[in-house]
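I opened the model to look up a handful of residues and the ligand site. My notes follow in the order I took them.

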Amino acid sequence: MDAREMKIKAAAAALEHVENGMRLGIGTGSTAEEFVRLLAERVADGLSVVGVPTSERTARLCLELGVPLKSLDELPELDLTIDGADEVDGRLRLIKGGGGALLREKIVAAASSRMIVIADETKVVETLGAFKLPIEVNPFGMVATRIAIERVAARLGLSGAIEVRRSGDGNYMTDGGHYILDASFGRIPDADALAITLNAIPGVVEHGLFINMASIAIIAGPAGARTLTADT
Ligand SMILES: O=C[C@H](O)[C@H](O)[C@H](O)COP(=O)(O)O
């Protein structure tokens, strides 16, 4: 089974949690896009749901495939969000934002009663941090913000390059008009402390640590899909 087939398997298992009439947060990334494709088939067959997309990219795909959408302001309380992740640990703590959508993803997940993460086995880790942690920052004072991040990270025993994400000739810009700093910490032994500390830095708009947000994770491997709950 190749990577795409595993993503489809996880997405298909997540689709079983979708019920008629649900208000759905719809994630971003290659795994979430497999979910959108399967969801669109069910919508074409008569399933009635309304989605709130977590990025312009997801919104475009949903519109193209006929998945009905509303904005989060029109639908501020959601039943379920289904989204991918860059890393998942045993407590269902996540790193997200590899695709740059972390801010909207976190706002949408926080507005949802439940969040289901869909991923392939390669995303499951003992300790978060091998994947560069995306930190969304305001362009104003980005260098000062980066220095502040380095200082608080050092106090938590974390080091490693913190680089501005690039796209073409310029800095990558999120849907919200911010930049992303990717932090190569390698290992983040205390993700909870780092999450709180980063949130306290002026200039940090949001970070890619999703703590206590996922209800379950559906992890697909060559043998099929399994469901993870925190500490199982
Ligand atoms: O910003 C992007 C999101 O957090 C994605 O859900 C995450 O990067 C995983 O993407 P993929 O399913 O493509 O690995």
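I count a polar contact as a pair of N or O atoms within 3.5 Å; within protein, one must be able to donate a hydrogen and the other to accept it, and residues adjacent in sequence count only if both atoms are side-chain atoms. This is a predicted model, where local features need pLDDT of at least 70, side-chain atom pairs count only at pLDDT 80 or more, and totals for chains, interfaces and linings use all residues. Residues are numbered from 1 along each chain as its sequence is written, and side-chain values use heavy atoms, with hydrogens and water left out.

**Entry: ligand**

I began with the ligand oxygens. One oxygen atom of the ligand sits 2.7 Å from a polar backbone atom of Thr28. I also found a ligand oxygen 2.5 Å from an N or O atom in the Thr31 side chain. For Gly98, a polar backbone atom is 3.4 Å from an oxygen atom of the ligand. Alone, the ligand exposes 380 Å², and the protein buries 91% of that (Shrake-Rupley method, 1.4 Å probe; for residues, only the protein chains shown count as cover).

I then listed the shell, taking a residue as near if one of its heavy atoms lies within 4 Å of the molecule or strand. There are 16 residues around the ligand, and Thr28, Ser30, Thr31, Asp86 and Glu105 come nearest. The shell divides into 2 nonpolar, 9 polar and 5 charged residues. Here Ala, Val, Leu, Ile, Met, Phe, Trp, Tyr, Cys and Pro count as nonpolar, Asp, Glu, Lys and Arg as charged, and the others, Gly among them, as polar.

**Entry: Glu105**

The unreviewed UniProt entry annotates Glu105 as "active site". UniProt positions are in the numbering used here, feature names are shortened, and annotations may be inferred rather than shown by experiment. I placed Glu105 in helix H4, residues 102-110. Helices (H or I, at least four residues) and strands (E, at least two) are DSSP runs, numbered from the N terminus. Is Glu105 buried or exposed? Glu105 is buried, because its relative accessible area is 3% (buried is under 20%, exposed over 50%, partly exposed in between; 1.4 Å probe, protein chains only). Beyond four places in sequence, Glu105 touches Thr28, Thr54, Asp83, Lys96, Gly97 and Phe210 (contact means heavy atoms within 4.5 Å).

**Entry: Asp86**

Asp86 is in the loop between strand E3 (78-83) and strand E4 (87-88). I noted it as buried, at 17% relative accessible area. A polar atom of the Asp86 side chain lies 3.1 Å from the backbone nitrogen of Gly97. Contacts of Asp86 beyond four places in sequence include Ile95, Lys96, Gly98 and Lys123.

**Entry: Ser55**

I found Ser55 in the loop between strand E2 (50-53) and helix H3 (56-65). Ser55 is buried, with a relative accessible area of 5%. Its side chain makes a polar contact of 2.8 Å with the side chain of Thr28. Apart from neighbours within four places in sequence, Ser55 is in contact with Thr28, Ala101 and Asp175.

**Entry: Asn199**

Asn199 lies in helix H6, residues 191-199. I logged Asn199 as partly exposed, because its relative accessible area is 46%. The side chains of Asn199 and His207 are joined by a polar contact of 3.2 Å. Not counting residues up to four places away in sequence, Asn199 touches Glu206 and His207.
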